[in-house]
Amino acid sequence: MREDYTIAKLSGYPIRPLLKWAGGKRQLLPKLRRFYPARFNRYIEPFFGSGAVFFDLHGAGRLHGHEAVLIDSNADLIGCYETVRDAGEEVGCCLDRLAEAHAVEGRAHYYAVRDERFNPLRLARRQPDGRIAYTPELAAMLIYLNRTGFNGLFRVNASGAFNVPAGRYARPRIVNRDNLLRVAGALSRPGVQLKWGSFESARDIAEPGDFLYGDPPYAPLSRTANFTSYTASRFDGEAQVRLQQLVVGIARRGCQVLISNSTAPAITALYETSDEARSAGIRTFRVPARRAINSNASRRGAVDEYLITNIELRGADAGAD
């Protein structure tokens with residue numbers, strides 16, 4: 001039903017991310033926009049997540065005439081987005097029914113959907129290569145669980161089953177049909193590709209003049225602050241090193257790179273004090289952000305994050321380190 005999305009495909013419409021995602025960048029957009037390059041070829045996003053930057057660029061008309069490659073290692077995420085792109089109206093109808101049932105049954109409905117429908121269906125539709133052949137019903141259930149689960153987390157246990165508990169929301173906003181169709185329109189625009197795979201696949205894609213934005217699972221600031229396991233495997237220190245090698249390599253290739261991360265000592269060593277990163281033109285900027293995910297509400301609040309880039313800062317100085 002892509003032909004129904006003609007209006008939604010037009011740039012200039014604000015689009016909210018469809019999914020809440022750990023570390024989603026909507027709050028940081030004013031800071032990030034100062035590093036969007038004036039000119040670029042393709043747009044590449046190797047940790048797609050909520051897609052806040054992609055949707056921001058699309059809504060501002062900055063992607064008109066540009067290809068975009070959107071990559072994520074989470075098979076559920078890519079399967080959901082592909083289904084929204086291809087069958088947005090059907091997903092919306094399924095989501096309406098879930099929202100109506102949630103209004104009556106609340107948390108009991110959440111757990112029934114999670115344990116009796118969502119997890120068995122995604123297991124049944126998992127392909128031998130690890131992909132999940134999402135249906136409109138399955139996509140709607142993921143969106144529903146995301147909008148009503150604890151802090152919008154996506155977490156799986158050791159066997160790969162989604163196990164996020166219900167959130168404490170009096171009136172969760174489960175369905176926004178207009179925004180759903182705008183998301184579908186943005187994803188179905190000519191030249192936009194969704195790819196399931198490792199962030200390292202960007203190395204084979206990125207060419208001189210491309211713009212790559214990466215929002216990886218953050219290096220934890222403390223031993224108890226690790227929220228990197230949103231897929232079955234963790235994004236650990238070794239993965240952070242491989243990401244730094246990718247960033248340095250494509251920066252030297254002539255790509256325009258912007259990365260978000262925490263200000264953990266390991267990230268400081270990889271970028272701020274690294275001669276290798278500096279020689280590739282990489283600089284670090286500390287920007288204030290709000291830590292939104294913590295089981296203890298008193299531990300949520302302002303914290304510095306890194307913006308790591310070889311792109312010239314526009315506007316007033318942001319405090320380069």
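Is Asn-151 buried, partly exposed or exposed, and what is its relative accessible area?

1. **Asn-151.** The model under review is a predicted one. In this model Asn-151 is partly exposed, because its relative accessible area is 22%, and the cut-off for a buried residue is under 20%. The residue is placed in the loop between α6 (136–148) and α7. Its backbone deserves a remark: phi of Asn-151 is near 55°, which is a positive value in a residue other than glycine. Most residues other than glycine have a negative phi.

2. **Overall fold.** The protein contains 10 helices and seven strands. It has 321 residues, of which 54% count as buried. Among contacts between residues at least 6 apart in sequence, 76% join residues at least 24 apart.

3. **The nonpolar cores.** The largest nonpolar core has 67 residues, and Tyr-43 and Phe-54 are those with the most contacts inside it. Helix α4 (residues 75–105) supplies the largest share of this core, namely 11 residues. A second, separate core has 30 residues, including Ala-219, Leu-246, Cys-255 and Val-257. In soluble globular proteins, nonpolar side chains tend to be buried together.

4. **Phe-54.** Residues up to four places away in sequence are not counted here. With that exclusion, Phe-54 touches Tyr-43, Glu-45, Phe-48, Leu-63, Ala-68, Leu-70, Ala-186, Leu-187 and Val-192. Tyr-43, one of these partners, is named with Phe-54 among the residues with the most contacts inside the largest core.

5. **Helix α3.** Eight of the eight residues of α3 are buried, so this helix is largely enclosed by the rest of the structure. Just after α3, Gly-61 takes a positive phi of about 80°.

6. **Packing of α3 on α7.** Two packed helices are described by the angle between their axes and the distance between the axes. Helix α3 (residues 52–59) and helix α7 (residues 177–187) pack at an angle of about 85°, and their axes are 11 Å apart. The two helices are therefore roughly perpendicular. From α3, Phe-54, Phe-55 and His-58 meet Val-183, Ala-186 and Leu-187 of α7. By class, this contact has five nonpolar residues, one polar residue and no charged residues.

7. **Leu-180.** Helix α7 also holds Leu-180, which is buried because its relative accessible area is 3%. Leaving out residues up to four places away in sequence, Leu-180 touches Leu-18, Val-84, Gly-88, Val-91, Gly-92 and Ile-143.

8. **Cys-255 and Ala-206.** Where do these two residues sit? Cys-255 is in the loop between α8 (237–253) and β5 (256–262), whereas Ala-206 is in the loop between β3 (192–196) and β4 (211–214). Cys-255 is buried at 2% relative accessibility, and Ala-206 is buried with a relative accessible area of 4%. Their C-alpha atoms, 49 residues apart along the chain, are separated by 6.9 Å. For Cys-255 and Glu-207, 48 residues apart along the chain, the C-alpha separation is 6.2 Å. Leaving aside neighbours within four places in sequence, Cys-255 is in contact with Ala-206, Glu-207, Pro-208, Gly-209, Asp-210, Ile-250 and Asn-310. On the same terms, Ala-206 is in contact with Ile-44, Ile-250, Arg-253 and Cys-255.

9. **Ser-274.** This residue is in the loop between α9 (265–272) and α10 (275–279). Ser-274 counts as buried because its relative accessibility is 10%. Its side chain reaches the backbone nitrogen of Glu-276 at 3.3 Å. A polar atom of the Ser-274 side chain also lies 3.1 Å from the backbone nitrogen of Ala-277. Apart from its neighbours within four places in sequence, Ser-274 is in contact with Gln-244 and Ala-269.

Notes:
Residues numbered from 1 in each chain as written. Predicted model: local features only at pLDDT ≥ 70, side-chain atom pairs only at ≥ 80, totals over all residues. Heavy atoms only, no water. Core = buried A, V, L, I, M, F, W, Y, C linked by side-chain atoms within 4.5 Å. Buried < 20%, exposed > 50% of the residue type's maximum accessible area, 1.4 Å probe, protein only. Helix = DSSP H or I, 4+ residues; strand = E, 2+ residues; numbered from the N terminus. Contact = heavy atoms within 4.5 Å. Polar contact = N/O pair within 3.5 Å; in protein donor to acceptor, adjacent residues only side chain to side chain. Axes fitted to C-alpha atoms, helices over the stretch in contact; angles between N-to-C directions. Parallel < 35°, antiparallel > 145°, perpendicular 65-115°, else oblique. Nonpolar A, V, L, I, M, F, W, Y, C, P; charged D, E, K, R; others polar.
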